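Dear colleague,

Please find below the structure that I am handing over to you, with its sequence. My notes on what was found follow directly after it.

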Amino acid sequence: MTIAPTDPTAVLDDIFAGAPLMAILRGMGLERSVRLATAAWDLGIDSVEVPLQTAEDERALREVVRLGAERGKAVGAGTILTVAQVDQAVAAGAAYLVAPGLDADVVRAAQERGIPILPGVATPSEVQQAVALGLTWLKAFPAQWLGADWFRHIRGPFPGVRFVATGGMDATNAGTFLDAGVRVVAVGSALEDESQLPRLAALLAR
């Protein structure tokens, strides 16, 4: 399946322009995914990612995509490890892809199909390889263990790269990573913690 070519950087700029937070709904099943996606949108989080690992995840992705379209929200598919998953996610209506690591074959497959992809990186070498593949937006994973200072240092040689911080992120540390230059912080279970919702809302209002 081939999609009309677009500028992936511009597409992701637009998707992530509204808010500095992204919701990840990993392994939550259809009903819980729908509930948390709705909670995220109601809170003001525009970007929702559904990791694609099981048949139930695919059903959840399709339904969240459908509901997102009604609100004008783009929904991404995460944990993309293979070229076959690229096609699966495109068929399910995903607007962008997210991968835990950097696989040039998967990146090229996404590019050929005209869908933006955020591969995971954790080292300067991986960032450089991703840039060589024509990517501007990258997922830094696992962000909590990399630490906020990693982003301050990596911006020196790669000032044009935009990072989504993923892994161990919630309302208690998201602000620190945003202050370090991260463009978007991805949160998951924090959306079910009522004590964190006001702090997440405050981050969205920054």
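**Strand pairing and sheet**

Strands β7 (residues 137-140) and β8 (residues 162-165) run parallel and are joined by 4 bridges. Helices (H or I, at least four residues) and strands (E, at least two) are DSSP runs, numbered from the N terminus, and two strands pair if DSSP finds at least two bridges between them. The model is a predicted one, in which local features need pLDDT of at least 70 and side-chain atom pairs count only at pLDDT 80 or more, while totals for chains, interfaces and linings use all residues. Residues are numbered from 1 along each chain as its sequence is written, and side-chain values use heavy atoms, with hydrogens and water left out.

The open sheet comprises 9 strands with parallel pairing, in the order β5-β4-β3-β2-β1-β9-β8-β7-β6. Its edge strands, β5 (117-118) and β6 (120-121), each pair on one side only. Elsewhere in the sheet, 2 bridges link the parallel strands β3 (residues 75-78) and β4 (residues 96-98), and Gly76 stands opposite Tyr96 of β4.

A right-handed β-α-β unit is made by β8, helix α9 (residues 174-179) and β9; right-handed means that, with the strands pointing away from the viewer, the path from the first strand over the helix to the second runs clockwise. The loop between β8 and α9 holds Thr166. Thr166 is buried (under 20% relative accessible area; exposed is over 50%, partly exposed in between; 1.4 Å probe, protein chains only), at 6%. Not counting residues up to four places away in sequence, Thr166 touches Ile24, Lys139, Ala140, Phe141, Pro142, Ala143 and Ala186, where contact means heavy atoms within 4.5 Å.

**Helix α6 and Val131**

Helix α6 (residues 124-132) contains Val131, which is partly exposed, with a relative accessible area of 37%. Val131 touches Phe158 and Val161, again not counting residues up to four places away in sequence. Between the C-alpha atoms of Val131 and Trp145, 14 residues apart along the chain, the separation is 23 Å.

Yours sincerely
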